[in-house]
Amino acid sequence: MSEALRMFGAIAGAWVRAGFTYRTSFVVLTSTGMILTFLDFAIILIMFSHLDALGGFTLTQIAVLYGLSGFAIGVADLLLGNAEMLGQRVRDGTLDQMLVRPVPALVQVAADRFALRRVGRVLQSGAVLGWGLSAAPIDWTPLRVLVLASALVCGSLIFASLFVLGGAFQVFAGDASEVANAFTYGGNTLTQYPLAIYPVEVVRAVTFIVPLAFVNWYPALYVLGVDDPFDLPAAFQVASPVVAALFVAVAALTWRTALRHYRSTGS
Amino acid sequence: MPMIDVHDLRRTFLIRERRGVLRRTRREVQAVDGITFSVEPGEAVGYIGPNGAGKSTTIKMLTGILVPTSGHLRVADLDPSRRRTELARRIGVVFGQRTGLWWDLPLRDSFELLRRIYRVPTPTYERNLSAYVGLLEIGDLLGQPVRQLSLGQRMRADIVAALLHDPEILYLDEPTIGLDIASKQRLRTFLRELNADRGTTILLTTHDLVDIEQVCRRVMVIDHGRLAFDGDFAALHAAGQATRTVVVDFHDEVPPIDVPGSRVVRVDGVRQWLTVPAGTPTGPVIAALASSHEIADLSIREPTIEDVLPHLYARP
Ligand SMILES: Nc1ncnc2c1ncn2[C@@H]1O[C@H](COP(=O)(O)OP(=O)(O)OP(=O)(O)O)[C@@H](O)[C@H]1O
Ligand SMILES: [Mg+2]
């Protein structure tokens, strides 16, 4: 594990250094990225100039939901967003090259073309989250702090697993990055809002099938002290670590299976 | 203990094809269809065959990229697909049509990154880098991003990259594709010396028989996923009924010449083509020609892959 991290650092470091050789473009890309993601939250701000609550949630509470989800996908995207390019890698043969190097392929997939500018989303979401947490009425207890902290880690792991699953799917199928994107970025957009506004089928799907509700919804209910509008078991609100561990295991197994069924290309 | 040990190795690909709007058919391609061979440490083996014969598929199984459908496979006593990352330290791979370098990084950074990935000790790295960069003459290119290199420059850089960690085995899949004659020659000399001096085991696929003649002592021919031949060069020429061709221009038109040990295969005005089995000297034939007729010009054409291989493929 530490070896994998060391290798990630070595490869990502080379890309960061190469990226810094075009310093202005780095600054421009990072700041435009941050502005774009901020606009994303501005839509919610504008909405709240006409309403007081959405699905029973106030603006500051939604900021917590938004911040948790954005932070999680931001970290996952920073570390594993490149898995999205796997279809391309299969076709241009760079996956073959990765497979003959003495570093786990996933580490190389993650670190290759590592783009530090993706940190913009993490910073922006972190800021929104910080504001939401300080402005929303929260009765802080040690357990609430723990649930919040674990939500940041587990949410990132859940999104990271989704990226890996999407990548594994592309290794099987040769392509179809759009399908993978629908789950990751689509899932992020979906969870920016309180699940209370969606039909119960959606809530079931993101609880039992693709466990996105454990990224921010359940931990936020617990931290904010809000009752679950769908009356699902209260244990779900502290279950993110278990769910994340399971989902990581599923993703890891799927990835290994995908590599064992990899067919490369004919040329 | 052999370096590469392969027994009844197979790999099939399932191909799904669309026929019309709704009809789909499934077809199996036997890319590698039961091959058996072994390679001892320090051997240099040429692996040849027509397009689609299964050469690249074999190399991808030997490196662990593809999992075999069935059969026994050991490289350096490891099962490649299961111990892929472990094996990776001990092998070097060059795919001619693709680069193992990073397109956007300067060549020097690519090499440096490989040093860290393979954890090459600094003295080894520096010794190898300066030796190979010098031998393959890419010293002036180290500051350039790989995407700016020409095909031949990139190929040489790729070969340096594959050797920085002192691999025991070097796989080369069409390393001379697209190279000019001088670059090919330089590369062949380099590979021959690498094999002789360092004892690096080499497995080389190519469509240029000269590559094999100059680098390898042993040839394996694959066709339709099966080994059609495995042996040295003389045996290949014998098995493939290879012939050298003597092209003679006489001063005057003469009837087809009858010289023992040769056969006239074509006549065009004053020019005649005589074939001589490869492995038998052409000297006596030429002497006989010169003693009986006046010769204006003469040349000898060596057998090529195109001449030799069809005979092997045609056999059951
Ligand atoms: N990824 C793949 N999917 C489907 N079929 C494949 C794949 N890779 C190879 N094949 C098929 O397997 C057979 C062997 O291909 P391979 O690439 O091993 O040939 P080759 O000997 O390297 O040929 P060439 O000289 O053209 O490089 C071909 O019929 C090819 O179409
Ligand atoms: Mg090939």
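The following dialogue explains how to read several features of this predicted model.

Q: What share of the residues in chain B is buried?
A: Buried means under 20% relative accessible area, exposed over 50%, and partly exposed in between (1.4 Å probe, protein chains only). Of the 316 residues in chain B, 51% are buried.

Q: Which residues of helix α11 of chain A are buried?
A: Helix α11 of chain A covers residues 217–224, and seven of its eight residues are buried. They are W217(A), Y218(A), P219(A), A220(A), L221(A), V223(A) and L224(A). The cover over these buried residues includes α3 (59–80), α7 (119–135), α8 (142–173), α10 and α12 (240–260) of chain A. After α11(A) comes G225(A), with a positive phi near 70°.

Q: Where is D231(A), and is it buried or exposed?
A: D231(A) is placed in the loop between α11 and α12 of chain A. It counts as exposed because its relative accessibility is 69%. Its phi is near 55°, a positive value in a residue other than glycine. In chain B, H224(B) also is not a glycine and has a positive phi of about 50°. H224(B) lies in the loop between β8 (218–223) and β9 (226–232), and it counts as exposed because its relative accessibility is 62%.

Q: Which residues does Q192(A) contact?
A: Contact means heavy atoms within 4.5 Å. Leaving aside neighbours within four places in sequence, Q192(A) is in contact with D40(A), I62(A), L65(A) and Y66(A). Q192(A) lies in the loop between α9 (177–191) and α10 (200–209) of chain A, and it counts as buried because its relative accessibility is 4%.

Q: Where is N82(A), and what does it touch?
A: N82(A) is in the loop between α3 and α4 (86–92) of chain A. At 3% relative accessibility, N82(A) counts as buried. Not counting residues up to four places away in sequence, N82(A) touches V109(A), A110(A), D112(A), R113(A), F114(A) and R118(A).

Q: Which residues form the nonpolar patch on the surface?
A: Patches are made of residues with over 30% relative accessible area and no salt bridge, with like charges joined within 9 Å and nonpolar side chains (Val, Leu, Ile, Met, Phe, Trp, Tyr) within 5 Å. A salt bridge is a side-chain nitrogen of Lys or Arg within 4 Å of a carboxyl oxygen of Asp or Glu. Accessible areas come from the Shrake-Rupley method with a 1.4 Å probe; for residues, only the protein chains shown count as cover. Here I35(A), L36(A) and L39(A) form the nonpolar patch, with about 320 Å² of accessible area together. L39(A) lies in helix α2 (residues 23–47) of chain A and is partly exposed, with a relative accessible area of 46%.

Definitions and conventions: Residues are numbered from 1 along each chain as its sequence is written. Chains are lettered from A and ligands numbered from 1 in the order in which they are written. This is a predicted model: local features need pLDDT of at least 70, side-chain atom pairs count only at pLDDT 80 or more; totals for chains, interfaces and linings use all residues. Side-chain values use heavy atoms; hydrogens and water are left out. Helices (H or I, at least four residues) and strands (E, at least two) are DSSP runs, numbered from the N terminus.
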